[in-house]
Amino acid sequence: MDATLTLIGALMLVISILLSPLSSRVGMPVLLIFLIVGMMMGEDGPGGLEFDNFELAFAIANLALGVILLDGGMRTRAETFRVGLRPALVLATLGVFLTAAGAGLVAWWVFDLSWLTALLIGAIISSTDAAAVFSLLQGRGLHLNERVSATLEIESGSNDPMAIFLTLMLVSMISAGGVSEWGSALWMLAKQFGIGGIVGVLGGYAIVQLANRARLMPSLYPLLVVAAGLAVFAGTNQLGGSGFLAIYLTGVIIGNQPVRMMPMILQVHDGLAWLAQLCLFLILGLLVTPSDLLPLAGGGLILAFALIFVIRPVAVLLTLWPFGFNRRELGFISWVGLRGAVPIVLALFPVIADLPSAELIFHVAFFTVLVSLMVQGTTMAPLARKLNLEVPAGEDPYRRLPLDVPAAGDHELMLFPLRGEAWQSPKKLGQLRLPENTALAGVFRKRTCLPPNPDLDVSTGDVIAMFATPAVVPELGRALSGRHTPGHLAERAFFGDFVLNGDALLGDVEQVYGIEFDELPPELSLAESFARRTKGHPVVGDKVVLGPVTLVARATEADRVTKVGLKMDNRQLR
């Protein structure tokens, strides 16, 4: 029997992995494919496998979510907290509470439940899911403006404590016949956020020191990080804090500190995160019986559509309006309220507590996740492009190899394959505009290594080896990128023909280009123009329209625009 289960589990993984390319072909989220494969292997599908061990599923799901959040945290840049931290935290707390209340109201009306049970359903489906958000943002090749992407990533990684608090409080109230001590409930909320935040940050710094001081084989560093991260996750849960918040913050600290073998750690953790998502959604798919979902399809669709089209947008508008988001950004954040594994995992609490309506609660949560992944997940990328929220992105290195030599500092050896239209015609190495503090290591061509001669012609098929630091990867990627990009995202089309320093004065720009800015005084700099016209923190892609000219933020540092693109409407120039 054990051998049979192992064979079935392995075949499910193989089938899911082989079907994953369908995600990009048909626009279906890959997580939905994993979920469907799990359902097909269940008792209602061809697999016919009966699985109802909710305790085992809960344990596996928590472990998988920990790995996913650790990986997502390590890929969250600290710079994004500058623009996304405050709005994300408001959305992750007050926004979750408003969503739970709105969804509870709809559930009470649709399913004719008691108030507490309806609010429990609302609490369970109130939080967006980090696994779904990270997967769709990173897997679809979307490079959104930093204000939107930072808010979504930080919100999805930090909104679990509020949802867990509401779920546990309502489960205990229902078990106690509607009685609850608000003092103990608020104390539980404080413990979730407080302990989770403190242990997560301290654990992150401890793991950084551990990884940098240990002398291990390179392949053991990724395993050390994931094992220590899961220890932080489990220890925080034991202390009564939010393990989800703790391991996400641990990942953020690790990803933004100098850590030995960091490129290898990220590469291995990418595979571990995908394995965790596969196992998580497959086992959650096995738990549900599709035939049990049919009786509640009508009410489930009403609840899911209310959540997508009304409740989430209202919560986003009420919480984010003070932070300077424009209508397009608010609309997209409203739409990307993706539900994924977390609501299904939270729906296991009532089952384990043996509440009267536990089965209905679980199926409603599962149905809501299915609808969310199908409706929101499949339309996220097209909507981002329609709303013009993408910004140009460079090519990432094919391979990054840490040097691990004290004299090299944080320099790495990076390999960039030359491909795309820009490299069809040969270019000399000496003509490449490379960032400072970088050096050419060599050029690989047809299994041979060529020395980096400035007069050497390079073209499609060559691989350039560079010594560079992680900080210049985006700039280096843009310099060596030759991939096909949509016309509106081409550098010149997006930023304009001219690039100016942010401290250039409007008056000087008027004289040089023969234009007039009647709306703002000439002694203002371009950077100050952005400060006056935009609320909040500027990000790459922000625009200020001044008569016939559009200023486009091309580079930012802290809260100041340092490089500005100039797009001119020639029809309106004098």
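Predicted model: local features only at pLDDT ≥ 70, side-chain atom pairs only at ≥ 80, totals over all residues.
Reader: Which side chain does Glu 155 meet in a salt bridge?

Author: The general idea is to look for a side-chain nitrogen of Lys or Arg within 4 Å of a carboxyl oxygen of Asp or Glu. Here the side chain of Glu 155 meets that of Arg 312, at 2.9 Å from N to O. The pair links distant parts of the chain, with Glu 155 in helix H8 and Arg 312 in helix H15 (residues 297–320), 157 residues apart. Arg 312 is buried as well, since its relative accessible area is 4%.

Reader: How many salt bridges does this rule give, and which residues are linked in a network?

Author: The count comes to nine salt bridges, and Arg 147, Glu 329 and Asp 542 are linked in a network. Arg 147 belongs to helix H8 (residues 146–158), whereas Asp 542 lies in the loop between helix H23 (526–533) and S9, 395 residues apart; both residues are buried. Another salt bridge joins Glu 390 to Arg 385, with the closest N and O atoms at 3.2 Å; Glu 390 is buried, at 8% relative accessible area, but Arg 385 is partly exposed, at 36%.

Reader: How should I read the sheet that contains S9, and in what order do its strands stand?

Author: In general, strands of a sheet pair through backbone hydrogen bonds, either parallel or antiparallel. In this case the sheet is open and has four strands in the order S8-S11-S10-S9, with antiparallel pairing. Its edge strands are S8 (498–501) and S9 (543–546), each of which pairs on one side only, and the twist averages 30° from one strand to the next. Strand S10 (residues 549–557) and strand S11 (residues 560–568) pair over eight bridges, and Thr 550 stands opposite Lys 567 in S11.

Reader: Which residues other than glycine have a positive phi?

Author: Two examples can be set side by side. Met 261, with phi near 65°, is placed in the loop between helix H12 (243–255) and helix H13 (262–287), and it is buried, with a relative accessible area of 11%. Arg 447, with a phi of about 70°, lies in the loop between strand S4 (439–445) and strand S5 (448–450), and it counts as exposed because its relative accessibility is 89%.

Definitions and conventions:
Residues numbered from 1 in each chain as written. Heavy atoms only, no water. Pairing = 2+ DSSP bridges. Helix = DSSP H or I, 4+ residues; strand = E, 2+ residues; numbered from the N terminus. Axes fitted to C-alpha atoms, helices over the stretch in contact; angles between N-to-C directions. Buried < 20%, exposed > 50% of the residue type's maximum accessible area, 1.4 Å probe, protein only.
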